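Here are a few exercises to work through with the model open beside you. Try each task before you read its solution.

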Amino acid sequence: MNLLMLRKIFRLGTWNARTLNQTGELKEVPREFNVYKLAILGITETTWTCNGRLALDTGETCNGRLTLDTVETMLYSGHEEEQANHSEGLGIMVSRKAAKALLEWSPEGSTIVPAMFKTNKKKINLRVTNCYAPTNEKGEGEKEHFYSRLQDMLEKSKAKDITIIMGDFNAQIGFICLLD
C-alpha cells in the first residue's frame with residue numbers, strides 16, 4: 001500500500017459540478033483535476049441517481065468506485081430512491097497515488113461521503129469528508145438530520161487523524177463542534 005506523503009505539497013480541491021449527468025461532463029473533471037495537480041477533489045451535485053445503475057449507464061450501482069480511463073478513481077454516491085429526481089449526489093475523485101493509499105470509504109447516502117487514507121506518519125490517517133448540505137427548501141428536520149450525522153462522524157474520528165471536511169454547505173455557519 002502506498003502512503004500519502006504529508007511533507008510534500010498535497011493539493012485538495014472542491015467543485016460544485018451542478019451536474020455530471022450529461023454526456024461528456026465526466027470527462028471534463030479529470031482534465032481540470034490534472035491542470036490543478038490535485039490529489040483529492042470533492043465533487044458535489046453530481047446528480048447521479050440509483051435506479052439500479054449509475055445515471056451515465058456504466059453498469060455501476062448507486063454507490064461505487066469507478067476507475068476512469070485517465071487513471072483517476074471516482075468514489076461516488078447518488079440517490080438511493082427508485083424514482084429520485086436528478087439532484088444532490090456527490091463524489092471524491094482521487095489520483096492514482098491517493099487511490100493506492102485509500103484505506104476505506106463509506107457513503108452516507110447522497111449527501112456525505114467520507115474517505116480515509118494512510119499517510120507516511122505512524123498512526124495518523126487523513127480523513128476527507130465531502131458533503132452536500134440540504135438547501136433552504138428542505139425541512140428543518142432534514143437539515144438537522146444531516147448535521148447530526150456529520151457531527152456523529154466527527155466524534156468517531158481519532159484525535160491524531162487529520163480531518164478535512166469539504167463540500168457545499170449551502171451557507172450553514174457554526175454547526176461543527178471541534179474536538180480536542
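**Exercise 1.** In what order do the 4 strands of the open sheet lie?

*Solution.* Step one: the order is 6-7-8-9, and the pairing is mixed. Strands here are DSSP runs of E with at least two residues, helices are runs of H or I with at least four, and both are numbered from the N terminus. Two strands pair if DSSP finds at least two bridges between them. Step two: strand 6 (102–105) and strand 9 (162–168) are the edge strands, each pairing on one side only. Step three: neighbouring strands of this sheet are turned by 20 degrees against each other on average, direction ignored; the axes are lines fitted to C-alpha atoms.

A note before going on: this is a predicted model, in which local features need pLDDT of at least 70 and side-chain atom pairs count only at pLDDT 80 or more, while totals for chains, interfaces and linings use all residues. Residues are numbered from 1 along each chain as its sequence is written, and side-chain values use heavy atoms, with hydrogens and water left out.

**Exercise 2.** In which sense do strand 8 and strand 9 pair, parallel or antiparallel?

*Solution.* Strand 8 (residues 125–132) pairs with strand 9 in the parallel sense, over 7 bridges.

**Exercise 3.** Which residues of helix 3 are buried, and what covers them?

*Solution.* Start with the helix itself: helix 3 (residues 140–156) has 17 residues and reaches 24 Å from its first C-alpha to its last, close to the 24 Å expected at 1.5 Å a residue. The expected span is 1.5 Å times one less than the number of residues. Next, list the buried residues (under 20% relative accessible area, 1.4 Å probe, protein chains only): Lys-143, Phe-146, Tyr-147, Arg-149, Leu-150, Gln-151 and Leu-154. Their cover includes strand 7 (112–118), strand 8 and strand 9.

**Exercise 4.** Where does Ser-95 lie, and which residues does Ser-95 touch?

*Solution.* Ser-95 lies in the loop between strand 5 (90–94) and helix 2 (96–101). Ser-95 counts as buried because its relative accessible area is 15%. Leaving aside residues up to four places away in sequence, Ser-95 touches Phe-33, Leu-38 and Ala-39, where a contact means heavy atoms within 4.5 Å.

**Exercise 5.** What pLDDT does the protein average?

*Solution.* The average pLDDT (the predictor's confidence in each residue, from 0 to 100) is 77, and 70% of the residues score at least 70. Over residues 51–61 the pLDDT is below 50, though this stretch has 25 contacts in the model beyond near neighbours in sequence. Where pLDDT is low, the predicted coordinates should not be read in detail.

Conventions: Axes are lines fitted to C-alpha atoms, for helices over the stretch in contact, and angles run from 0 to 180 degrees between N-to-C directions. Buried means under 20% relative accessible area, exposed over 50%, partly exposed in between (1.4 Å probe, protein chains only).
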